[in-house]
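Here is a brief report on one model. It covers a ligand site and a set of paired strands.

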Amino acid sequence: MKLTLKIWRQDGPRARGELVTYVVEDISPDMSFLEMLDVLNEQLNAKGEEPIAFDSDCREGICGMCGLMISGEAHGPEKTTTCQLHMRSFRDGETVTIEPWRADAFPVIRDLVVNRSAFDRIIQAGGFISVNTGSAPKAEAVLVPKPNADRAFMAAECIGCGACVAACPNAAAMLFMGAKITHLGELPQGQPERAQRVKAMVAQHDAEGFGGCTNIGECSAACPKGIPLDVISQLNHDLRKAGAGRF
Amino acid sequence: MTELTAPQGVDADYYRVGTPVADTKAPAGPIAEKWTKRKFDASLVNPANRRKLSVIIVGTGLAGGAAGATLGEAGYHVKSFCFQDSPRRAHSIAAQGGINAAKNYKEDGDSIYRLFYDTVKGGDYRARETNVYRLAEVSANIIDQCVAQGVPFAREYGGLLDNRSFGGVQVSRTFYARGQTGQQLLIGAYQALERQVAAGTVEMFTRHEMLELIVADGRARGIIARDLVTGEIETHLADAVVLASGGYGNVFFLSTNAMGSNVTANWRAHRKGAYFGNPCYTQIHPTCIPVSGDHQSKLTLMSESLRNDGRIWVPKRKEDCDKDPRQIPEADRDYYLERIYPAFGNLVPRDIASRQAKNMCDEGRGVGPMVGDFRRGVYLDFSDAISRLGRSAVEAKYGNLFDMYARITGENPYETPMRIYPAVHYTMGGLWVDYDLMSNIPGLFVTGEANFSDHGANRLGASALMQGLADGYFVLPNTIRDYLAKGPYPKLDENSPAVAEARQSVDQRVRTLLSINGERSVDSFHKELGHIMWEYCGMERTETGLMKAIDLIRSLRAEFWRNVRVLGSAETLNQSLEKAGRVADFLELGELMCIDALHRRESCGGHFRAESQTEDGEALRHDDQFCYVAAWEFGGNGEGGMGAPVLHKEDLTYEFIQLKQRSYK
Amino acid sequence: MKLLMAVTGLIFVGFVALHAYGNLMVLGGADTFNTYAHHLRTFGQPMLPYEGFLWVLRVVLLVSLALHVYSALSLWGRANGARSTRYAVKKAAASSLASRTMRYGGIALFFFIVFHLLHLTTHTIHPQGTVATPYENVVGSFELWWVTLIYVVAVLALGFHLFHGVWSAAQTLGLTSTAAARARAKLLAHLVGGLIALAFLIPPLAILVRIVK
Ligand SMILES: Cc1cc2nc3c(=O)[nH]c(=O)nc-3n(C[C@H](O)[C@H](O)[C@H](O)COP(=O)(O)OP(=O)(O)OC[C@H]3O[C@@H](n4cnc5c(N)ncnc54)[C@H](O)[C@@H]3O)c2cc1C
Ligand code: HEM
Ligand code: HEM
Ligand code: SF4
Ligand code: F3S
Ligand code: FES
């Protein structure tokens, strides 16, 4: 296969960026998207041009490190992460535009690499259950009904990749946040801090400069883990109750 | 000081022998009481003093993340480092299958002692008894801790936690969270860590890479790290340093490890004097998706839990190998693991399952596309399980693994059997530590996969997560206390010679790498190194092969420093530069691995020397000669960059478990 | 902020539903409609003065409108601030046209309401000449094609706005925490949007084609 790539190049956080066009030939359909970029980088290196910076680590779809806007779709056309996207999803001769996640809360560091520490700070605000090491009760002491356990698990699958923010027209991080609220809120252990958690996380979210959600639903469609919009409703529900001071 | 002797035969060209080492920290007495006694004997630190004591932790995986959270809670000043953009992305996140704990949930006869026994046996009697017993002992606490943090383990309808069994054992003691156990456990540790960041006890440094260890007055006192975004070289000082930087399987280029996994933190410490234990012990995992071409950047593991319900086979006849597997009748299939090991069947330990798969392919009965001159793959077939349990039950248990397989290969595993092949997965070797998890450099602690300690020559499934969390939550916080209680150590000046030297060497190295401006890319060196390692230091090793590998690595290393091309500058995010530093260290480590493999003229666990096998092709140990840990001291900057390393032996004494030739038949 | 938007939005929904129903009275002929208009003003008497109920309603609506527009604008501002560099290429994968045009639909509605009030409440604009009863006023206006056109466009915009708005409000209030509840809310939104738009469309069109004179 042969593809024309238009890739965002930007030297540093404050530098101006632009789309640069590259042509890559001999792409095998079994390659992953990032392996295709590896091949391009090898070629650039051979020509004496600096390789394109992009993030990835596990390349198994689980660490959440990778993430590119591929022709206007976060993580590209399949419902998976960028690293698990394979070239068989593209047509020979296609032109593909590759951009970094765009959100002011995710500033570009270089080329396709962005800074997502805002997510960590949202978790710091309350995305945890306070339990000190060694003070935990016996695991078998708390029963969790399977439906709650399953829903908590579903929400806990979020890998923190940021595709939801990237896809949302408002650059809101509601899906990411809702997933954590739902994960911890479904479990008995998560109850004591439930009200405080949602308030603190939402306040941090707003302070980070993410947009407000208007329930557009692009986030869930882009989410590689298929986190459903329920979690946003759950967040709103918890927030409303927390505001009213009762749970 | 150290008396050095030359070993016998060809070995004399490769290494020297030094004085033995031994662990001095495990207390005497019955094994079940050692840990309690050690905790009791370890000095205490008054809570008011803890703030004045600082600890650097390199790594935010299960081992580092859990330790950071726990030490932060306790009130120490913690500085935590990872090279990813968030601590949540440490490689532990990728673990799929599960975590062991001797909770005896299923009333199937499990106990601390049995977990201890299984782990020692699984490691082919090359692990230290005291450490392993402790691991089994704290395993149940881990589950309690994680459940309290909100880790959503799989549950049964009644609300109880669910268990499954894993390779190499006959009880169900593995807790799991679908195929994402590592992710869920790590998120638990990560959240606990972030809670401490918010509380101000932990300072987090993401996108920072440790490039040098600072040793002053014989103690580990800090690190030099590069801020990967700005390129700035930073000095961080503390009263103790913990390395929890994971495994080095990426020395093989293709492995199941994350792209960034590296040996740099460990190797830099090794060069500063820390002993490297058993570097050649590598685990090759049997259930990975086979290689499809040379563009491949990594191999994908599929959880070993698949072996619970999937059946492994190859065609009986070579002629059938390119047929559609569904067309091959039962009578023409060879379920070789069930045939050779009737007691354990498809659940034999990883090293055995891997080597048998290799044997089948070497015999010419492999399946899948031709790679090179033969087929590398065997079938993992779920058709029995699907007809027995129903498709939806199989989907509930393994759905995400099946999806992953389908995505990568483009084949539907519900219909055609999957193809699997072994791949490098885990490194049992690592920096040598004592019972307190302290290396031979005082103040340098090593936890998780980065140390050599608990798995001997082979690791059983679901026990790395257990070890990481045991070290991080329960062991290190207790043992490091003993060391910190003697602090705070004299304040170190940023301009003192030890610091200046470390900083300068980092600067120098970065500048050299950028200035060579040769012809070849970093990746091309890495791939070539991986090739050498897989070929000669992989699933089967021989004396001549290893000697050849050492020569090849030496000349590759020389070429690297002459001919590598690293573009860009040191002042920005520069991923080629990061990779170059890591590959440079792998090029040195690879040689040490081969030397270790060469000197260990026995087969044990993941280390299979073709010269040492039983009549039916099983690994043959030589307990009389090799029942020891090989702790290697860096040989200094000799010829070709590295002098001959010095071997320090730690004899393994088995007080509680009797040594047996391992058998899974 | 979002809560304000949802609550005020829902107040509007209640109002327009009533209003649409009221407007259907036009079909009943002059008397029914005039009585309705009169009734509106005397509703609640003697407890409330003449037009008392209407004023309460007006105040509620006005305040709601102010809040609604305020939250809309501030969300808009935040969204712009949250992504100051736009994508060169962006595809819409799941969002409906309605959801992405809320803001423009809202603006259209705003201008329409101003026009509408000047037209039928304050009678500042009277394209059809001065008339005596509300009925004649309405009928007279809609016999003009361009007035009808403005109304039709506005009502379609309203339908669209509600098509997304009602479900969105349910989501914002946290009432849709399961996939099934979400599907129900969507259905409801589509029904409400559709029905209200239809109900509003009938009178002017009926007048235009002279079924109602
Ligand atoms: C695909 C896969 C599946 C697995 N499945 C299982 C399983 O089911 N059960 C099981 O028990 N085990 C499993 N394992 C093994 C297990 O996951 C690992 O051994 C374990 O997670 C290692 O944890 P760790 O904390 O020691 O290191 P890691 O999680 O590897 O963390 C290393 C940390 O060190 C940091 N780091 C490294 N070098 C530097 C440096 N120079 N400077 C700064 N930071 C640095 C990294 O950023 C990272 O935070 C699996 C492994 C793989 C690869
Ligand atoms: C005056 C002009 C108006 C403007 C500028 C306006 C604008 C908006 C905007 C920008 C939104 C947010 C988009 C979203 O949440 O998806 C919104 C939501 C909404 N609007 Fe309006 N609107 C106006 C009038 C109305 C009217 C007249 C009604 C009802 C009849 C209405 C009902 C709603 C509802 C129900 C919502 C959903 C609230 C939510 O999302 O929680 N709006 N409006
Ligand atoms: C076919 C469509 C419509 C017709 C025939 C119609 C008719 C009327 C009439 C006759 C009045 C004056 C009532 C009175 O003062 O006695 C009125 C008032 C009003 N209408 Fe409409 N209307 C229509 C559509 C709409 C729409 C779509 C909206 C809102 C989005 C709307 C909002 C209002 C408001 C806010 C008032 C003012 C109520 C008050 O305070 O008196 N109308 N309408
Ligand atoms: S919710 Fe989905 S898209 Fe958003 S961060 Fe989590 S996994 Fe990524
Ligand atoms: S796309 Fe954005 S607007 Fe809300 S529903 Fe998703 S966060
Ligand atoms: S690289 Fe880890 S999810 Fe893609």
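## Ligand 3 and its shell

In this predicted model, the side chain of His19(C) places an N or O atom 2.7 Å from a nitrogen atom of ligand 3. His116(C) does likewise: an N or O atom of its side chain is 2.6 Å from a nitrogen atom of the ligand. Arg58(C) faces an oxygen atom of ligand 3 instead, with a polar side-chain atom 2.6 Å away.

| Side chain | Ligand 3 atom | Distance |
|---|---|---|
| His19(C) | nitrogen | 2.7 Å |
| Arg58(C) | oxygen | 2.6 Å |
| His116(C) | nitrogen | 2.6 Å |

## Strand pairing in chain B

Strand S23 (residues 646-651) of chain B pairs with two strands, S1(B) and S22(B). Strand S1 (residues 16-17) runs parallel to S23(B), and the pair has two bridges. Here Arg16(B) has Val646(B) as its bridge partner. Strand S22 (residues 628-633) pairs with S23(B) in the antiparallel sense, over six bridges. Within S23(B), His648(B) stands opposite Ala631(B).

Conventions: Residues are numbered from 1 along each chain as its sequence is written. Chains are lettered from A and ligands numbered from 1 in the order in which they are written. This is a predicted model: local features need pLDDT of at least 70, side-chain atom pairs count only at pLDDT 80 or more; totals for chains, interfaces and linings use all residues. Side-chain values use heavy atoms; hydrogens and water are left out. Two strands pair if DSSP finds at least two bridges between them. Helices (H or I, at least four residues) and strands (E, at least two) are DSSP runs, numbered from the N terminus. A polar contact is a pair of N or O atoms within 3.5 Å; within protein, one must be able to donate a hydrogen and the other to accept it, and residues adjacent in sequence count only if both atoms are side-chain atoms.
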